[in-house]
Amino acid sequence: MSFGEEVKKIAAELEEMGHEVLLPNRILLDVMKDLNSDPVKAKTRNGYDAIRVHFNKFLEADAVLICNYTKRRVKNHIGANTLMEAGFAYYHEKPIYALNPLLNQKYIHDEMYSFDIQVLNGDLSKIE
């Protein structure tokens with residue numbers, strides 16, 4: 001996750017609005033900061049299956065918020081992990097929100113638009 005601080009701010013705003021927030025696994029945030037770590041081993045170290053733990057949060061959640069910010073000069077970037085998460089949420093019939101507009105990222109355009117994502121245009125009050 002590239003935008004940990006931004007996501008924490010969004011989480012605080014949502015909590016102030018009365019929402020319960022389930023953040024991505026702290027272990028992933030901490031391990032990814034360690035540039036010497038093997039990201040594959042980090043996600044499964046000591047018998048801890050971080051990916052399954054992370055996806056179990058989607059099963060608990062009432063909705064999913066995609067925090068899509070500019071990354072490497074790609075406005076409102078959505079990467080492979082977010083695509084995977086959105087597909088999982090869609091499959092489990094969870095409402096999906098995007099903080100910023102979805103752009104035409106050719107490699108994921110059809111999938112992202114088929115998930116019926118509600119674009120907030122930065123307005124968190126639109127989350128039901």
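Predicted model: local features only at pLDDT ≥ 70, side-chain atom pairs only at ≥ 80, totals over all residues.

Reader: Is E20 buried or exposed?

Author: The cut-off for exposed is over 50% relative accessible area. E20 has 73% relative accessibility, so E20 counts as exposed.

Reader: Which element gives the largest share of the negative patch?

Author: The negative surface patch is formed by E13, E15, E16, E20, E60 and D62. The largest share, 3 residues, comes from helix α1 (residues 4-16).

Reader: What pattern does the protein follow along the sequence?

Author: You'll find 6 helices and 3 strands in the protein. Read along the sequence, they give α-α-α-α-β-α-β-α-β.

Reader: What share of contacts joins residues at least 24 apart?

Author: Start with the chain itself: the protein has 128 residues, and 33% of them count as buried. Now take contacts between residues at least 6 apart in sequence; the share of these joining residues at least 24 apart is 60%.

Reader: And T70: buried, partly exposed or exposed?

Author: T70 sits in the loop between β1 (64-66) and α5 (80-91). Leaving out residues up to four places away in sequence, T70 touches F3, K75 and N76. Buried needs under 20% relative accessible area and exposed needs over 50%. T70 has 46%, so the label is partly exposed.

Reader: What separates the C-alpha atoms of T70 and N100?

Author: Along the chain, T70 and N100 are 30 residues apart.

Key:
Residues numbered from 1 in each chain as written. Heavy atoms only, no water. Patch = residues over 30% accessible without salt bridge, like charges linked within 9 Å, V, L, I, M, F, W, Y side chains within 5 Å. Areas by Shrake-Rupley, 256 points an atom, 1.4 Å probe, with all protein chains shown as cover. Salt bridge = Lys/Arg side-chain N within 4 Å of Asp/Glu carboxyl O. Lys, Arg positive; Asp, Glu negative; His and termini not counted. Charge placed at Lys NZ, Arg CZ, Asp CG, Glu CD. Helix = DSSP H or I, 4+ residues; strand = E, 2+ residues; numbered from the N terminus. Buried < 20%, exposed > 50% of the residue type's maximum accessible area, 1.4 Å probe, protein only. Contact = heavy atoms within 4.5 Å.
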